Amino acid sequence: AVFTVCDGLRDRVIELGASPERVHTVYQGVRPDRFSHGDRRAARRTLAIPDDVDAFLFVGRLVGVKRLDVLINAFDHVYSRNRRARLYLAGSGADVVKVRQDVTQRGLSEVVHLVGPVDQSALPLWYQAASATVLSSDSEGLPNVLRESLACGTPFVSTDVGSVKEIAGPDYSLLVPSGRADKLGEAMLQILETRFVDGAAKCPVSTWQDCAIDYLRVMSDPGIVSN
């Protein structure tokens, strides 16, 4: 048997010649004891984020494929229409200087915050504090960042790349074409609507226990054992 973490990779493996009946998608999960709903105001107090802002969160490496240039451009559009908007970039990488320069040149230094690396144990607070999580990548597999965000009750906006669509849903997320700052900005404004927050609060998210059960289910199949 061959295991993949999303259907997009399953399709690629089959294209490479594997028999479809031998290829199984088992989605990754999140730790429910860590990533869970929380008090937004309490989280914001801990992180020194004002209660009255619309806080967008990026979690990931600051590198080319993540297209932070597109995200900063999109946020510039958002801020021109919503002065309560703030953007928090959690992560580090080779493009950190380039990102900071872009932010400065656009006059956004007071509203775009480069948080730096965040330990995973502290990430739930950031998701709980955020109004929405945003990814602007040109390429992804199926990022657990988005699962973690939903597990904390926070909707997301992402480029429609890789297998992101496999966990997206109209009640709690919006997908846009990659490289389109205008579309990303419009989606960031739209995701602030209450219906998306309510949808994210109700969205079920798989845990690592669910993942283990799925593995055991496939591996206990007599057809696999006999082969």
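**A parallel sheet, strand by strand**

What we are looking at is a predicted model, in which local features need pLDDT of at least 70 and side-chain atom pairs count only at pLDDT 80 or more, while totals for chains, interfaces and linings use all residues. Residues are numbered from 1 along each chain as its sequence is written, and side-chain values use heavy atoms, with hydrogens and water left out.

S6 and S7 run parallel and are joined by three bridges, and two strands count as paired if DSSP finds at least two bridges between them. From S6 the chain crosses through helix H6 (residues 144–151) to S7, in a β-α-β crossover that is right-handed, meaning that, with the strands pointing away from the viewer, the path from the first strand over the helix to the second runs clockwise.

On its other pairing, S6 meets S3 in the parallel sense over two bridges, and there Phe56 has Ala132 as its bridge partner. Along S6, Ala132 and Val134 point one way, Thr133 and Leu135 point the other way, and all are buried, that is, under 20% relative accessible area with a 1.4 Å probe, protein chains only. In general, side chains in a regular strand alternate between the two faces of the sheet.

Moving on, S7 (residues 156–159) is joined to S8 by four bridges, again parallel, with Phe156 opposite Ser173 in S8.

Taken together, the open sheet has six strands in the order S5-S4-S3-S6-S7-S8, with parallel pairing.

Technical notes:
Buried < 20%, exposed > 50% of the residue type's maximum accessible area, 1.4 Å probe, protein only.
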